[in-house]
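Here is a friendly briefing to read alongside the sequence and the 3D view. It starts with charged pairs, then moves to the overall fold and a few individual residues.

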Amino acid sequence: MFESMTKEQAAEHILDSVREYHKTFMQKPPYRDGDRIPYASRVFDDREMINLVDSSLEFWLTSGRYTDQFEKQLADYLKTPFCSLVNSGSSANLLAFMALTSPLLGDRAIKRGDEVITVAAGFPTTVTPILQFGAVPVFVDVTIPQYNIDVLMLEKSLSPRTKAVMLAHTLGNPFDLQAVKTFCDANKLWLIEDNCDALGSTYTIDGTKKFTGTIGDIGTSSFYPPHHMTMGEGGAVYTSDPLLHKIIRSMRDWGRDCVCPSGVDNLCGHRFNKQFGELPAGYDHKYVYSHFGYNLKATDMQAAIGCAQLEKFPAFVEKRKHNWKRLYDGLKDRQDKLILPEPAPNSDPSWFGFLITCQSGVGRNALVRHIEGKNIQTRTLFAGNLVRHPCFDELRASGSGYRIVGTLNETDRIMNDTFWVGVYPGMTDEMVDRMAEAIRFLK
């Protein structure tokens with residue numbers, strides 16, 4: 001069949017077939033009462049599939065034109081100058097933290113034994129890079145019903161070894177960026193915003209509305225299927241600092257000093273005429289390494305999916321807000337039994353989920369079993385209290401490697417009494433109302 005076609009005509013024929021395949025086999029059936037309501041799900045159409053196949057036909061496989069397009073479009077959306085695509089949100093957090101250990105940062109570089117203020121109520125990969133490097137996480141408590149850092153503990157957490165603050169915006173709800181940024185600026189600390197659960201959230205700081213992830217020194221995102229948008233696996237690191245961007249790109253791409261993209265040689269025009277370290281003069285710059293880095297790049301096929309998702313993303317954010325508000329309205333008269341979430345002051349969250357803490361006398365486990373029995377998926381707030389997990393057994397036994405300032409009483413309460421349900425953009429009003437009805441079941 002293809003013998004009579006040009007390459008371009010053959011590709012167009014294949015993409016037309018993909019469009020028909022999606023229409024025939026991939027349309028999601030309408031929701032019916034009693035169907036499973038997951039906490040999250042992919043929302044896509046033929047555009048994602050067409051982009052994916054289009055990229056695969058090029059068979060470039062590694063980072064390429066779709067990667068360049070995605071990085072530019074996400075940076076434009078966030079109104080930040082620099083964005084680097086990576087293979088996961090966890091890799092994004094690793095890269096964001098490790099960038100701050102670069103010798104190019106001089107005295108501000110994080111060294112082993114330095115401290116980083118964070119919280120234990122959240123996802124482990126916000127903390128994992130700190131421990132793996134040999135820095136010391138300093139855990140402080142959070143507040144309910146915002147589920148973010150108790151900013152009154154910041155000054156108490158400060159020590160001569162404090163170098164950074166690394167925090168996540170919990171399920172889309174921004175932490176108190178005004179207080180945290182003021183604290184970091186006053187003490188010359190780095191601020192990493194783990195924005196993996198909050199892409200599209202905004203916060204008004206010093207009178208200016210900005211996207212979360214762009215207010216600190218470095219922000220991160222995740223594009224795992226349950227997140228605000230997806231490319232299967234994937235993540236991003238973004239910054240407005242040119243030096244941090246240079247370090248991030250170097251560490252993402254094996255630690256190399258060269259800035260040439262894949263498949264490009266001698267972009268700077270000085271590939272063979274410089275001196276680096278103790279290498280011979282004129283050593284090939286493409287194989288000069290200024291950092292101990294990784295290979296954390298995503299594939300162009302992932303980026304192709306991401307480009308199509310970005311086209312839909314503003315609508316995704318609005319639908320999440322709509323679903324969250326509808327669920328809140330359906331539960332607001334049960335606050336005698338349930339603590340409902342509250343957005344941070346000065347924020348407009350792009351909600352990832354709807355957090356609920358059971359009041360005294362209401363058993364979370366019994367309520368969750370009831371909700372799950374209604375075919376509605378629930379989740380805990382990830383680790384609950386991370387320092388109580390088996391991964392901390394050795395550190396707890398040794399009494400070293402981390403610090404706790406004050407108590408983690410609210411963190412423990414979240415571990416025992418809190419759960420959440422989804423508000424993803426594929427939910428209909430009927431699904432949201434059914435969740436509210438199930439959650440309202442309280443004796």
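The count of salt bridges comes to 29, where a salt bridge is a side-chain nitrogen of Lys or Arg within 4 Å of a carboxyl oxygen of Asp or Glu. This is a predicted model, in which local features need pLDDT of at least 70 and side-chain atom pairs count only at pLDDT 80 or more, while totals for chains, interfaces and linings use all residues. Residues are numbered from 1 along each chain as its sequence is written, and side-chain values use heavy atoms, with hydrogens and water left out.

**Salt bridges**

- R326 and D433 meet through their side chains in a salt bridge, at 2.8 Å from N to O. This pair links distant parts of the chain, 107 residues apart: R326 sits in helix 9 (residues 300-331) and D433 in helix 13 (residues 429-439). Helices here are DSSP runs of H or I with at least four residues, strands are runs of E with at least two, and both are numbered from the N terminus.
- R326 is partly exposed at 31% relative accessibility, and D433 is also partly exposed, at 34%. For these labels, buried means under 20% relative accessible area, exposed means over 50%, and partly exposed is in between, with a 1.4 Å probe and protein chains only.
- D329 pairs with K332 in a salt bridge whose closest N and O atoms are 3.8 Å apart. D329 has a relative accessible area of 32% and is therefore partly exposed; K332, at 44%, is partly exposed too.
- R334 and D336 form a salt bridge at 3.7 Å, N to O. R334 is buried, with a relative accessible area of 15%, whereas D336 counts as exposed at 51%.
- A network of salt bridges links E71, R249, R252 and D253.

**Overall fold**

- The chain has 13 helices and 14 strands. Its radius of gyration is 23 Å, close to the 22 Å from the globule rule for 443 residues, so the chain is as compact as a globular protein of that length. The radius is taken over C-alpha atoms, and the globule rule is 2.2 Å times the number of residues to the power 0.38.
- Along the principal axes, the C-alpha atoms fill a box of roughly 75 × 70 × 45 Å.
- Of the 443 residues, 53% count as buried.
- Among contacts in the chain with a separation of 6 or more, 73% come from residues 24 or more positions apart. A contact means heavy atoms within 4.5 Å.

**Surface and charge**

- The accessible surface of the chain is about 20,000 Å², and 54% of this area belongs to carbon and sulfur atoms. Accessible areas come from the Shrake-Rupley method with a 1.4 Å probe, and for residues only the protein chains shown count as cover.

- E410 lies in helix 12 (residues 409-417) and is partly exposed at 28% relative accessibility. Leaving aside residues up to four places away in sequence, E410 touches D141, V142 and I144. E410 and C391 are 19 residues apart in sequence, with their C-alpha atoms 21 Å apart in space.
- D54 is placed in helix 2 (residues 46-58) and is buried, with a relative accessible area of 18%. D54 touches L15, R65 and Y66, again not counting residues up to four places away in sequence.

**Backbone points to check in the viewer**

- Most residues other than glycine have a negative phi, and most peptide bonds are trans.
- I144 and P145 are joined by a cis peptide bond, with omega about 20 degrees. P145 is in the loop between strand 3 (136-140) and helix 6 (154-157).
- F59 is a residue other than glycine with a positive phi, near 55 degrees. F59 is found in the loop between helix 2 and helix 3 (65-78) and counts as exposed at 59% relative accessibility.
- F382 also has a positive phi, about 55 degrees, although it is not a glycine. F382 lies in the loop between helix 10 (364-373) and helix 11 (393-398), and is partly exposed at 27%.
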